[in-house]
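Please look over the sequence and structure below before reading the points.

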Amino acid sequence: MPLLTFNECGIYCERADVYIDPWKPVDRALITHGHADHSRWGNKYYLCTRTAAPVIRYRLGDIKLETVEFGEVKTINGVKFSFHPAGHIVGSAQIRVEYKGEIWVASGDYKLEDDGLSEAYQPVKCQHFITESTFGLPVYRWTPQEEVMADINDWWRQIASEGRTAILTGYALGKAQRLLNGLDTSIGKIYTHGAIENTNEVMRRQGVKLPATTRVTREINKKEYLGNIVVATPGAIGQPWVKKFGNASIGAASGWMTLRGARRRRGADRGFVLSDHCDWPSLLEAIDLTGADNVYVTHGYTAIFSKYLREQGLNAVELHTEYEGELAEIETKGNAETEKENLAADAE
């Protein structure tokens, strides 16, 4: 029996009787990070990193939650568990599992580029590596964050010079804070959608440094937004909420902006390629750094990516899970399967 198996509830360690990022309620859940497809309500007990805990508590409410520091070892029935930085968002972790020399790493979602906000990714040696493949196609190759943020600030500067409002979209947890951290506040003032500002408040209380922001409210005169930028959730675009900003320019920050058609479906005037997940080269680098011979591909372009890994001599298998990767972050109006079909067509 392998140390970790995969069943209808999630990634399971029978020896310790715990799950990693389960998608159905279980007794004991080890959580890699706070995004909704990895951290779900209904478990009896949760374990996560100390820096991931505030947002998880905020999102899930009154739960029984224990925390650990990065690198701290927690032993359950002889199995050693430790959490190591995944670089995805603040507090995100890869979970290392060891028993009698057998070592697995469940990476959750991760990225290798240091964004200056999240704890930087650290490779963990193992024999078995569980990986995502959200952007597991050669077409996905990221530009360095510094260059992307320079493009975003140039775009905002141009919109401000026209006396208009810039609206920049990013998921409320992770992407939005990364964008805020890179905005040039000398251009103007930063306003935020309520869902983003709620998350900002939680993160500020735990010591995360973010620039000054102002929550969008009904009381603010729409003229005050002119020349400034509003950071909003993708789901807010196309809603009546946007009308208060008048003739605004909308920019979308996502890895999907690589593809034709993706910007149009987001209702954006500009697309900026910025993702909290690995691109193709980084996925391959991460797997190589683990030294693992056995790779389990959980979400994204699973069939294509696992086939490629097998061609490179690895024992790679495709797994069907309920993780969504950046599909969860773009908040599309259609169902997930339709969006996957659209993105697959775009990538051809």
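The chain has nine helices and 19 strands. The model is predicted.

**Overall build**
- The chain is divided into domain 1, made of residues 5-139 plus 276-346, and domain 2, made of residues 145-272.
- Between the C-alpha centres of domain 1 and domain 2 the distance is 28 Å.
- Along the principal axes, the C-alpha atoms of the chain fill a box of roughly 65 × 45 × 30 Å.
- A compact globule of 348 residues would have a radius of gyration near 20 Å, and the chain agrees with this, having 20 Å.

**Burial, surface and contacts**
- Of the 348 residues in the chain, 56% are buried.
- The chain exposes about 14700 Å², and carbon and sulfur atoms supply 48% of that area.
- Among contacts in the chain with a separation of 6 or more, 60% join residues 24 or more positions apart.

**Nonpolar cores**
- The largest nonpolar core has 26 residues, and those with the most contacts inside it are Leu 4, Cys 13, Ile 20, Leu 30, Val 79, Phe 81 and Val 97.
- The elements giving two or more residues to this core are β2 (11-13), β3 (18-20), β5 (45-49), β8 (79-85), β9 (93-99) and β10 (102-106).
- With four residues, β9 gives the most to this core.
- Apart from this core lies another, of 21 residues, including Ile 152, Trp 156, Ala 176 and Ile 229.
- Leaving out residues up to four places away in sequence, Val 79 touches Leu 3, Cys 13, Arg 15, Ala 16, Lys 74, Val 97, Glu 98 and Tyr 99.

**Helix α4**
- Helix α4 spans residues 194-205, twelve in number.
- From its first C-alpha to its last, α4 reaches 17 Å, close to the 16 Å expected at 1.5 Å a residue.
- The buried residues of α4 are Ile 196, Glu 197, Thr 199, Asn 200, Val 202 and Met 203.
- The cover over these buried residues includes the helices α1 (53-60) and α3 (175-182), together with the strands β13 (190-192), β14 (214-215) and β15 (229-232).
- Gly 207 follows α4 and has a positive phi, near 105°.

Note on methods:
Residues are numbered from 1 along each chain as its sequence is written. This is a predicted model: local features need pLDDT of at least 70, side-chain atom pairs count only at pLDDT 80 or more; totals for chains, interfaces and linings use all residues. Side-chain values use heavy atoms; hydrogens and water are left out. The expected span of a helix is 1.5 Å times one less than its number of residues. Buried means under 20% relative accessible area, exposed over 50%, partly exposed in between (1.4 Å probe, protein chains only). Contact means heavy atoms within 4.5 Å. Domain bounds come from an automatic or database domain assignment. The radius of gyration is taken over C-alpha atoms; the globule rule is 2.2 Å times the number of residues to the power 0.38. Accessible areas come from the Shrake-Rupley method with a 1.4 Å probe; for residues, only the protein chains shown count as cover. A nonpolar core is a set of buried Ala, Val, Leu, Ile, Met, Phe, Trp, Tyr and Cys residues joined through side-chain atoms within 4.5 Å.
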